[in-house]
Amino acid sequence: MTIIVGAGISGLLTAYRLHQAGLAYTILEARERLGGRINTISTSDGTPVEMGATWFGNQHQHLIALLDELGLGGFEQYMKGTAFFQPFSTSPAESIQVPSQPPSYRIAGGTSQIIRTLFQKLDHNKILLNQAVKDIRFHENGVRVVAKEVFEADRVVLCLPPKLWAKNISIRPELPRELLQTALQTQTWMEDSIKLALSYAHPFWQEENLSGTLFSNTGPITEFYDHSNQERSQYALCGFVNSSYAQLSDAERRTAVMDQLRSVFGAKAEEFIDFEECVWSRENYTFAASETSHYPHQNNGNPIFRQSLMEGRLLLSGSETASAYPGYMDGAVHSANEAARKIALSVQERS
């Protein structure tokens, strides 16, 4: 039996692959919800908005293959019309045309469609929430995992950002020093991001031949995009706020955001239905403080995460560990497929 720690896309997909192979599993998730850094929420009018993972591209073939397998669709990010760019805080936003570039896509119905679909294919009794793993002990006959309850298994797959398991989980025998040091120096995708979304009754930007796109060197919003649904029957704008604004109160940050949106898009920007945000540095099961600052994707995909550990009874999975597109959803899918493949091969060799 395999214990999978973490019910994000990597953990759920690992479980699904084991389920397909007829192998036993249990998922332990620290949060009260599934999905990890995938978190689609619905506004009061039912508009799905992304507080976490959102976009993918044609290069992300592992994710695209999974979407096809699960019967899920994608649609191109709306970029029609004029965009805005704010180069300096002392000057107004400039109208620009975004240069031609490869398209980005979103998942129809929201990114959490992947999570919901995988969940429906699994044994719900084998997915346990509110089970933050604290201690893992490998012994001659298997492994003991201590969370809110105690579990015994043959092996463990850690589907968490490396910094989280390195800081928060006691593992014995001890892991190699170089591995632990690398894990602590690995940037966690989304850990200091602030996602923001506003829903609207009408796409005022589209009606004014605007794409809804904003790029800013000054903030608080650094990137903003049209976030309407695939059918363009529900309307929203969504993007990122400069991580330094996490130091402000929610009310102060909201005032700064609305001042910026009003200056760029005019008074209609204030006619929103809902204002939603997620400050990921407040998420204990995503964020862990670092002794030194990390650059984006630092140590993501490092080969050290794919070495054999505890005689093959401990596997490291998740977006940051992947050999292909680490730090992205595609990496999470690839690493899950690889972890499940290794487990199935190990079971086959021992049978």
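User: Where is M190 placed?
Analyst: M190 sits in the loop between α5 and β15. Please bear in mind that this is a predicted model.

User: What is the phi of M190?
Analyst: The phi of M190 is near 80°, a positive value in a residue other than glycine. Most residues other than glycine have a negative phi.

User: Is M190 buried or exposed?
Analyst: M190 is buried, because its relative accessibility is 5% and the cut-off for buried is under 20%.

User: What about H297, which also is not a glycine?
Analyst: H297 has a positive phi of about 65°. The residue lies in the loop between β19 and β20 (314-316). With a relative accessible area of 28%, H297 counts as partly exposed.

User: Now the peptide bonds. Which kind of bond joins R172 and P173?
Analyst: The bond between R172 and P173 is cis, with omega at about -5°. P173 is found in the loop between β14 (170-172) and α5. Most peptide bonds are trans.

User: And what is the omega from G219 to P220?
Analyst: Omega is near 5° for that bond, which is cis as well. P220 belongs to the loop between β16 and β17.

User: On to the sheet. In what order do the seven strands come?
Analyst: The order is β7-β6-β16-β17-β18-β15-β19, in an open sheet with mixed pairing. The edge strands are β7 (94-96) and β19 (274-279), each of which pairs on one side only. From one strand to the next, the twist averages 20°.

User: Which helix packs on that sheet?
Analyst: Helix α7 (residues 250-265) packs on it, touching β6, β15 (194-200), β16 (210-216), β17 (221-226), β18 (235-241) and β19. The direction of α7 makes about 120° with that of β19.

User: How do β6 and β7 pair?
Analyst: Strand β6 (residues 82-86) pairs with β7 in the antiparallel sense, over three bridges. A83 stands opposite I96 in β7.

User: Let me pick a residue in β15. Is L198 buried or exposed?
Analyst: L198, which lies in strand β15, is buried with a relative accessible area of 0%.

User: What does L198 touch?
Analyst: Not counting residues up to four places away in sequence, L198 touches F224, Y235, A236, L237, M258, L261, A269, F272, D274 and F275.

User: How far is L198 from L63 in space?
Analyst: The two are 27 Å apart, C-alpha to C-alpha, and 135 residues apart in sequence.

User: Pockets next. What is the volume of the largest pocket?
Analyst: The largest pocket has a volume of about 1,300 Å³. Its lining consists of 50 residues, and W55, E223, Y225, F240 and Y328 lie nearest the centre.

User: Which strands supply that lining?
Analyst: β15, β17 and β18 each give at least two residues to the lining of the largest pocket. The largest share, three residues, comes from β17.

User: How does that lining divide by class?
Analyst: The lining of the largest pocket has 22 nonpolar, 22 polar and six charged residues.

User: And the second largest pocket: what is its volume, and which residues are closest to its centre?
Analyst: Its volume is about 450 Å³. Of the 35 residues that line the second largest pocket, G6, C159, L160, P161 and Y285 are the closest to its centre. The elements giving two or more residues to this lining are α1 (9-20), α4 (162-168) and α8 (329-350). By class, the lining of the second largest pocket has 20 nonpolar, 12 polar and three charged residues.

User: One last item: how many residues are in the hairpin link from β11 to β12?
Analyst: The hairpin joins β11 to β12 through three residues. Strands β11 (residues 142-146) and β12 run antiparallel and are joined by four bridges. V146 stands opposite V150 in β12.

User: Which residues of β12 are on the covered face?
Analyst: F151 and A153 form the covered face of β12 (residues 150-153), while V150 and E152 form the uncovered one.

Definitions and conventions: Residues numbered from 1 in each chain as written. Predicted model: local features only at pLDDT ≥ 70, side-chain atom pairs only at ≥ 80, totals over all residues. Heavy atoms only, no water. Pairing = 2+ DSSP bridges. Axes fitted to C-alpha atoms, helices over the stretch in contact; angles between N-to-C directions. Contact = heavy atoms within 4.5 Å. 1 Å grid on protein atoms, 1.4 Å probe; cavity = no way out; pocket = protein on both sides within 12 Å on 5 of 7 lines; lining within 4 Å. Points joined across faces, edges and corners; volume = space filled by probe spheres on them. Nonpolar A, V, L, I, M, F, W, Y, C, P; charged D, E, K, R; others polar. Buried < 20%, exposed > 50% of the residue type's maximum accessible area, 1.4 Å probe, protein only.
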